[in-house]
Amino acid sequence: MVLTELQKVDYERDGFLIYGHLLTAEELEALRGRIDALASGEHPNADKIGVRLEAAAQRGELQNVTRRDKVWQLLDPHGYDEVIFNHARNPKILEVVEQLLGTEDIKLFHTQTLMKPAMHGSIVSWHQDSAYWTSIAPPALVSCWTALDDATEENGCVRMLPGSYKKGLWPHERTDFLHAQGVDDSLAIPVVLSAGGCSFHHSLTVHGSGENRTAHRRRGMVTSYMRADSKWIASHEKPDFLLLRGREYPGCV
Ligand SMILES: O=C(O)CCC(=O)C(=O)O
């Protein structure tokens, strides 16, 4: 999975790369099955994983909807399932991440699945990941966004603001979530992907996604990586981050 010069130039200019097809049909099916089992409660670890429900479900408005389709986000699903863990360390993804991070020394920062169910999937506000991930310096992580379903403009694909990562940290308003201020959304690029395709983005790239009012689900599996020589700059205790490639650095994450 060696990136072409053009792909590297695109990433350097935009702060994201719409890579396209990456998973095999078998990898995709296996991943979908485990994600759905965790969301629906049928997985042996379903009661252990952190889950955020759709806002409408939290307000008690989705009465006739299955448990699976009330879920908005699964937190760190790689910690609860081997297939998802293997996806997070898929060599095809790590090879791209290595080129984008500029090092073979790579640690896993975290993973999440954003489910975006059919008919009532809600938005992800404009944000920079590093506005959330203030414990890691430098703010230069790379995420791989894997489409588990076709991601279209209609069903709420991710939208990226090209070049936004070059301006450092943008101001964010805080509610339950962070909302980047001053975004001109007419400049945003939709990341349209077929199921099994991937995009990669820098943690300072402003991005978000719209609602899903279509009859088609839009699940996205996000795996986020950092250089092993990154620093932990929070006052609370550092968790153990898994080394996926290369070597550890003393005093670093
Ligand atoms: O999947 C989405 O809608 C948003 C994804 C996102 O915010 C991320 O990958 O950091």
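Colleague: Where is M119 found?

Modeller: M119 sits in the loop between β4 and β5. Strands here are DSSP runs of E with at least two residues, helices are runs of H or I with at least four, and both are numbered from the N terminus. Bear in mind that this is a predicted model: local features need pLDDT of at least 70, side-chain atom pairs count only at pLDDT 80 or more, and totals for chains, interfaces and linings use all residues. Residues are numbered from 1 along each chain as its sequence is written.

Colleague: Why does M119 count as partly exposed?

Modeller: A residue is buried if 20 or more other C-beta atoms, placed from the backbone, lie within 10 Å of its own, exposed if 12 or fewer, and partly exposed in between. M119 has 14 C-beta neighbours inside 10 Å, so it counts as partly exposed.

Colleague: And K116, buried or exposed?

Modeller: K116 has 30 other C-beta atoms within 10 Å, so it is buried. K116 is also found in the loop between β4 (106–114) and β5.

Colleague: Which residues does a cis peptide bond join?

Modeller: That bond joins A137 and P138, with omega at about -5 degrees. P138 lies in the loop between β6 (136–137) and β7.

Colleague: How do you know that β8 and β11 pair?

Modeller: Two strands pair if DSSP finds at least two bridges between them. There are 2 bridges joining β8 (residues 158–160) to β11, and these strands run antiparallel, so they pair. M160 has I189 as its bridge partner in β11.

Colleague: What makes β5 and β11 edge strands?

Modeller: The open sheet has 4 strands in the order β5-β13-β8-β11, with antiparallel pairing. Each of β5 (124–127) and β11 (189–190) pairs on one side only.

Colleague: Last one: which residues is Y249 in contact with, beyond its neighbours within four places in sequence?

Modeller: Those are A228 and D229; contact means that the C-beta atoms, placed from the backbone, lie within 7 Å. Y249 itself is in the segment after β16 (243–245). With 15 other C-beta atoms within 10 Å, Y249 is partly exposed.

Terms used. Contact = placed C-beta atoms within 7 Å.
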